[in-house]
Amino acid sequence: MLENIGHTVHTVTHKFLEGGGELGAMIRSFDWASTPAGPPEQWPQSLRTTVSIILNSRFPMFLWWGKEMIQFYNDAYRPSLGMNGKHPVAVGQRGEDCWPETWPVIKPLIKEVWEGGSIWREDQLIPIYRDGRLEDVYWTFSYSPVRDDNGEIGGVLVICHETTEKVKARQKIETAEKKFRNIVKQAPVGIAILKGPDFIVETVNDKYLKLMQVTEQQIRKEPLFEILPEIKTAVEPLLTTVLKTGKLCYGREFETKEGTFNFLYEPLRDAEGQIEGVIMVSSEVTEEVKARRKSAEAEKKYAELKAVEKNLRETELQLEKHVEERTSDLRHANYNLKRSNSDLEQFAFIASHDMQEPLRKIRTFTALLENKLDNNLVDEDSRKYLHKIGDAAGRMRKLINDMLYYSRLSAAGNTFKTIDLNTLMQNVMNDFELLIQEKNAVVRCETLPDIQANPLQITQLFTNLLSNSLKFNNSPRPEIMITVRPLSAAQVANFEGLNHQLSYQRLEFSDNGIGFDQRYAEQIFTIFQRLHTKNEYSGTGIGLALCKKIALNHQGNIFAYSGAGQGATFHVLLPETQSVL
């Protein structure tokens with residue numbers, strides 16, 4: 001007997017609906033005739049095949065079918081909906097009705113698939129409502145088009161895997177790695193962690209650098225004996241022994257031009273217990289050795305040194321225990337970091353050369369072709385097509401430049417200095433002088449304070465905000481007002497992400513433009529998120545995302561309030577001074 005769990009039971013027997021466990025039973029009993037999908041006997045073969053694959057797969061799979069996005073999923077996907085969440089109502093439900101909390105995020109992805117593309121995301125944050133609350137959930141997933149019997153796109157197939165625990169584990173690894181590095185940095189002895197048979201210096205603390213009289217730039221990520229050849233004879237045999245046998249070794253005292261040193265060497269093991277490097281602990285004993293050689297009192301000091309050395313051994317044994325516990329975490333974190341850096345470098349190369357060079361050729365040869373053709377032989381439509389090619393290439397080039405600038409904001413260090421915001425704002429307004437005159441606009445600005453900031457980034461921030469106020473304004477007399485007032489300590493505490501030890505100024509950019517629905521107040525600061533088509537308003541969808549990143553780079557923030565047709569007000573929170581993060 002099939003249990004009724006909220007849907008009208010309609011027993012359906014079709015070979016393609018066999019199997020599938022709980023969800024298979026639900027789909028066979030569901031009243032599909034009451035949905036736009038229609039009864040199963042009328043389903044196209046492509047839908048039948050896809051549903052059969054989903055039901056008999058042990059991997060989480062989900063299908064939106066038809067323009068109404070009617071939903072199917074399997075038992076493997078079922079746990080992702082929680083114990084008291086969207087299941088079982090989600091079966092046969094319209095996608096937008098089922099996922100109101102995530103629709104602003106996933107709708108653009110779905111739209112891309114309906115237009116013939118496919119989507120892949122790894123560890124993407126998509127909050128969902130389940131188990132009675134809204135949860136931050138991370139996913140690795142693909143969205144792929146499913147074509148109907150006519151070859152047209154009839155649905156969107158989702159193959160996904162929840163990676164929330166993996167992401168949380170990675171975050172813990174990053175925290176653990178930072179804690180480990182702090183332990184190394186604050187250790188009372190010199191510590192260097194060497195990797196591989198070439199003894200590459202992976203981590204080193206200030207104490208070690210001081211003892212060996214080298215800088216971190218000289219020694220990091222380089223073979224030890226290329227940096228310090230004078231210690232190779234004494235140290236290399238011990239390091240090799242530790243690497244091969246895993247035994248703890250103590251180096252004899254040896255002298256350099258900087259003094260006399262003691263060294264302790266112990267194996268560095270990975271998560272599987274395999275030796276992957278050596279932990280080298282060093283301390284300078286120059287004065288003790290001199291004293292021992294000069295008088296009998298030096299013997300006492302030498303004994304004291306041995307006692308200190310014993311304490312160091314105990315300390316390093318504890319450190320070894322921490323190193324062994326963190327080795328696996330460090331390996332995974334380093335792997336992900338290297339892969340991320342590689343992807344970023346590849347993107348920067350393509351964007352700066354391989355993509356821009358063809359665009360320059362398109363624009364150049366389009367202009368040459370237009371100039372070469374005889375006006376009498378070219379009709380108006382052909383000339384219009386040439387202009388469209390040039391305009392499209394120009395927009396693509398601007399998009400690439402904007403993306404490069406956005407990525408450089410994260411990669412480049414921040415150079416802060418005291419700047420006069422009044423002078424900076426006046427320069428920005430001078431750049432917009434012709435546009436302000438053309439639109440008959442009025443821009444009023446209160447007296448602004450001096451703050452510590454990056455002048456180029458703040459100029460970009462003001463430029464983007466003023467440009468938005470002018471662009472999204474159809475009034476016969478656009479009005480833009482820029483005001484400023486300090487935030488109290490209590491107000492600073494109420495804003496998420498601000499440094500409570502700093503004093504802040506709130507700058508407000510208000511206009512009487514077209515505004516926007518307040519529901520999209522967060523979305524407008526996301527890269528490539530647009531509320532209007534390019535035919536309505538030009539742009540790349542990066543401008544406000546740049547503003548957000550610039551504000552965050554300055555330990556500040558930015559948010560907006562508006563209503564459709566009611567103008568908009570952008571609030572920029574910036575500290576008066578900067579502190580070391």
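## Overall picture

A residue is buried at under 20% relative accessible area, exposed at over 50%, and partly exposed in between (1.4 Å probe, protein chains only). Of the 581 residues of this protein, 44% count as buried. The model is predicted: local features need pLDDT of at least 70, side-chain atom pairs count only at pLDDT 80 or more, and totals for chains, interfaces and linings use all residues. Residues are numbered from 1 along each chain as its sequence is written, and side-chain values use heavy atoms, with hydrogens and water left out.

The secondary structure comprises 18 helices and 19 strands. These are DSSP runs numbered from the N terminus: helices are H or I with at least four residues, strands are E with at least two. The accessible surface comes to about 31,900 Å² (Shrake-Rupley method, 1.4 Å probe; for residues, only the protein chains shown count as cover). Carbon and sulfur atoms account for 51% of that surface. Contact means heavy atoms within 4.5 Å. Among contacts between residues at least 6 apart in sequence, 59% join residues at least 24 apart.

## Strand S7 and its partners

Strand S7 (residues 153–162) has seven of its ten residues buried, so S7 is largely enclosed by the rest of the structure. Two strands pair if DSSP finds at least two bridges between them. Strand S1 (residues 61–65) pairs with S7 in the antiparallel sense over five bridges. Phe-62 has Val-158 as its bridge partner in S7.

Strand S6 (residues 138–147) is also antiparallel to S7, over nine bridges. Here Ser-142 is partnered by Ile-159 of S7. S6 and S7 form a hairpin with five residues between them. Gly-151, in the turn, has a positive phi of about 85°.

## The five-stranded open sheet

Five strands form an open sheet with mixed pairing, in the order S14-S16-S17-S19-S18. Strands S14 (442–445) and S18 (557–562) stand at the edges; each has a single partner strand, so one side of each is left without a neighbour in the sheet. Neighbouring strands are turned by 15° against each other on average, direction ignored.

Inside this order, S16 (residues 479–486) and S17 (residues 504–511) run antiparallel and are joined by seven bridges. Thr-483 has Glu-508 as its bridge partner in S17. Helix H18 (residues 543–553) lies across S18 and strand S19 (568–575).

## Helix H16

Helix H16 (residues 455–471) has 17 residues and reaches 24 Å from its first C-alpha to its last. Asn-454 caps the N-terminal end of H16. A side-chain oxygen of Asn-454 lies 3.1 Å from the backbone nitrogen of Leu-456.

## Two buried sites

His-87 is in the loop between strand S2 (70–73) and helix H3 (95–98). Its relative accessibility is 10%, so His-87 counts as buried. Leaving aside neighbours within four places in sequence, the contacts of His-87 include Glu-22, Leu-23 and Met-26.

Leu-209 lies in helix H6 (residues 206–212). Leu-209 counts as buried because its relative accessibility is 9%. Leu-209 and Gly-190 are 19 residues apart in sequence and 7.5 Å apart in space, C-alpha to C-alpha.

Terms used. Expected span 1.5 Å × (residues − 1). Polar contact = N/O pair within 3.5 Å; in protein donor to acceptor, adjacent residues only side chain to side chain. Axes fitted to C-alpha atoms, helices over the stretch in contact; angles between N-to-C directions.
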